[in-house]
Amino acid sequence: MAAELHVELVAADRSVWSGEATLVVARTASGDIGVMPGHQPLLGVLESGPVTIRTSDGGTVVAAVHGGFVSFADNKLSLLAEIAELSDEIDVQRAERALERAKSDADASAERRADVRLRAVAAR
């Protein structure tokens with residue numbers, strides 16, 4: 001069996017995903033980071049972007065994450081997000097409408113959220 005790390009992806013209002021993984025890729029304030037079993041301990045600020053989790057059974061979980069924190073120690077990775085949605089929960093048409101509305105309203109933060117949702121769907 002390959003080395004694993006335990007992952008908890010939690011949003012402010014719910015537990016989004018929990019399980020064993022071999023790799024997690026997330027965007028932090030310092031840039032994109034990949035975390036594998038045995039990684040150095042870390043604490044960072046999550047930026048809005050897709051999070052990709054390679055599960056220990058060979059699958060892939062992708063989530064749209066909007067801000068928060070990431071911490072890793074003792075082979076346990078915690079992603080504590082302000083908002084997080086699994087890519088298969090995202091309504092593509094709704095996200096596309098939100099993106100167009102945000103562009104016409106010149107709402108940069110709403111545009112970024114809609115764009116992250118669409119990138120998460122594309123990455124799955």
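Predicted model: local features only at pLDDT ≥ 70, side-chain atom pairs only at ≥ 80, totals over all residues.
Local features were taken only at pLDDT of at least 70 and side-chain atom pairs only at pLDDT 80 or more, while totals for chains, interfaces and linings use all residues. Residues are numbered from 1 along each chain as its sequence is written, and side-chain values use heavy atoms, with hydrogens and water left out.

Helices and strands are DSSP runs numbered from the N terminus (helices H or I, at least four residues; strands E, at least two). Strand β5 spans residues 49-55. Five of its seven residues are buried (under 20% relative accessible area, with exposed over 50% and partly exposed in between; 1.4 Å probe, protein chains only). The strand is therefore largely enclosed by the rest of the structure. Strands count as paired if DSSP finds at least two bridges between them. Strand β2 (residues 14-28) runs antiparallel to β5, and four bridges join them. Here V25 stands opposite T52 of β5. β5 and β6 are also antiparallel, with six bridges. R54 faces T60 of β6 in this pairing. The two strands form a hairpin with four residues between them. In the turn, G58 has a positive phi of about 95°.

A nonpolar core is a set of buried Ala, Val, Leu, Ile, Met, Phe, Trp, Tyr and Cys residues joined through side-chain atoms within 4.5 Å. The largest core has 24 residues. Those with the most contacts inside it are V7, L9, V24, I53, V65, L77 and L79. β1 (5-11), β2, β4 (42-46), β5, β6 and β7 each supply at least two residues of this core. Another core, of seven residues, lies apart from it and includes V62, I90, V116 and V121. In soluble globular proteins, nonpolar side chains tend to be buried together. I53 is in contact (heavy atoms within 4.5 Å) with V7, W17, A21, L23, V24, G59, T60 and V61, leaving aside its neighbours within four places in sequence.

Some nonpolar side chains lie at the surface. V45, F69 and L80 form a nonpolar patch with about 270 Å² of accessible area together. Such patches join nonpolar side chains (Val, Leu, Ile, Met, Phe, Trp, Tyr) within 5 Å, from residues with over 30% relative accessible area and no salt bridge; like charges are joined within 9 Å. Areas come from the Shrake-Rupley method with a 1.4 Å probe, and for residues only the protein chains shown count as cover. F69 lies in strand β6 and is partly exposed at 46%.

The structure holds four salt bridges (a side-chain nitrogen of Lys or Arg within 4 Å of a carboxyl oxygen of Asp or Glu). One of them joins R117 and E85 at 2.5 Å, N to O. R117 lies in helix α2 and E85 in strand β7, so the pair ties together parts 32 residues apart in sequence. E85 is buried, at 18%. D115 and R119 form another, with the closest N and O atoms 3.1 Å apart. Both lie in α2, four residues apart, about one turn of the helix. D32 and R27 meet at 2.7 Å, N to O. D32 is exposed at 52%, whereas R27 is partly exposed at 32%.

Two loop residues have a positive phi. D74, in the loop between β6 (60-73) and β7 (76-86), has a phi near 55°. D74 is exposed, at 73%. A106 has a phi of about 55° although it is not a glycine. A106 sits in the loop between α1 (92-105) and α2 (108-123) and is exposed at 68%. Most residues other than glycine have a negative phi.
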